[in-house]
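Please look through the model below before reading on. The paragraphs after it go from one side chain to the whole chain and back to single residues.

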Amino acid sequence: MTFAARLQFALSQLDQAPNTTGKGMRLQQVMELVISAAPGFTVVDRNKLDMPKSAEIDLWISHDRRPVIPFIDPLVPIECKNENGKASASQIRDFAGKIQATGGSDGLLVARKGLSGEGLESAHNAIHGFLNNGIRILVLTGNDLSKMRKPSDFAPLLKERYVELRLNRTYVTL
């Protein structure tokens, strides 16, 4: 089975879980499929709890610092949100806190439905605020993933999102 066929099948299964935790795990499995096949990326750890066991990172990835990979940090946390609604400002704040608590400045949020709202309480505004404080949260959606045809599409997709974030100081296409 081709990468594109495996990815499309995995994406079609995202709603086939009994609860939010199960749905999140499905999206995490999709990301493991993508990352394990993408050139220059490696899954380092899964479902990692911090020392006080109060916060969990869905995935930790490393990369080989290719020019097309927009991450500065050599280890990058990934948060997977496979929920009925869009990712909220509160979820952005929680993820940014995890990035900061681990001494990083980069993170990847995979929010299947995108980002919520407008105005001061929107996820877009939260991302803008954290960018002003040196925390870069790249965001991919389920739609982004569904357009991937080969593993080598992953790094250019990240770079595209990074350029959008830096030029607009938020996301205009999500």
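Leaving aside its neighbours within four places in sequence, which residues is lysine 23 in contact with? They are Leu14, Asp15, Ala17, Asn82 and Asn84. This is a predicted model, and every value below is computed from it. Lysine 23 has its place in helix α2. Its relative accessibility is 16%, and the cut-off for buried is under 20%, so lysine 23 counts as buried.

The overall fold gives the setting for this residue. The protein chain has six helices and five strands, and along the sequence they come in the pattern α-α-β-β-β-α-β-α-β-α-α. The radius of gyration is 15 Å, close to the 16 Å that the globule rule gives for 174 residues, so the chain is as compact as a globular protein of that length. Along the principal axes, the C-alpha atoms fill a box of roughly 45 × 40 × 35 Å. Of the 174 residues, 49% count as buried. The chain exposes about 8,500 Å², and carbon and sulfur atoms supply 52% of that area. Among contacts between residues at least 6 apart in sequence, 61% join residues at least 24 apart. As for charge, there are 22 positive and 18 negative side chains, and the centres of the two sets lie 4 Å apart.

The C-alpha atoms of lysine 23 and lysine 81 are separated by 8.3 Å, although the two residues are 58 apart along the chain. Lysine 81 lies in strand β3, residues 75-81. Is lysine 81 buried or exposed? With a relative accessible area of 18%, lysine 81 is buried. Apart from neighbours within four places in sequence, lysine 81 is in contact with Leu27, Gln91, Leu109, Val110, Ala111 and Arg112.

Helix α2 covers residues 20-37 and also holds valine 30. Valine 30 is buried, with a relative accessible area of 0%. Not counting residues up to four places away in sequence, valine 30 touches Leu7, Ala10, Leu11, Leu14 and Leu145. Leu14 is also among the contacts of lysine 23. Between valine 30 and serine 152 there are 15 Å in space, C-alpha to C-alpha, and 122 residues in sequence.

Helix α3, residues 89-101, includes alanine 89. Its relative accessibility is 3%, so alanine 89 counts as buried. Which residues does alanine 89 touch, not counting those up to four places away in sequence? They are Ser116, Glu121, Ser122, Ala123 and Ala126. Alanine 89 and isoleucine 127 are 38 residues apart in sequence, and their C-alpha atoms are 8.0 Å apart in space.

Which residues of α6 are buried? Phe154, Ala155, Leu157, Leu158, Arg161, Glu164 and Leu165 are. An α-helix has 3.6 residues a turn, so residues three or four places apart point the same way. The buried residues of α6 pack against α2, β1, β4 (106-111), α4 (123-132), β5 (136-140) and α5 (142-146).

The backbone has its own points to check. Most residues other than glycine have a negative phi. Arginine 169, which follows α6, has a positive phi near 65 degrees. Arginine 169 is found in the segment after α6 (154-168) and is partly exposed, with a relative accessible area of 33%. Asparagine 47 is not a glycine either, yet its phi is positive, about 50 degrees. Asparagine 47 is found in strand β1, residues 41-49, and is partly exposed, with a relative accessible area of 27%.

How values were computed. Residues are numbered from 1 along each chain as its sequence is written. This is a predicted model: local features need pLDDT of at least 70, side-chain atom pairs count only at pLDDT 80 or more; totals for chains, interfaces and linings use all residues. Side-chain values use heavy atoms; hydrogens and water are left out. Helices (H or I, at least four residues) and strands (E, at least two) are DSSP runs, numbered from the N terminus. The radius of gyration is taken over C-alpha atoms; the globule rule is 2.2 Å times the number of residues to the power 0.38. Buried means under 20% relative accessible area, exposed over 50%, partly exposed in between (1.4 Å probe, protein chains only). Contact means heavy atoms within 4.5 Å. Accessible areas come from the Shrake-Rupley method with a 1.4 Å probe; for residues, only the protein chains shown count as cover. Lys and Arg count as positive and Asp and Glu as negative; His and the chain ends are not counted. The place of a charge is taken as NZ of Lys, CZ of Arg, CG of Asp or CD of Glu.
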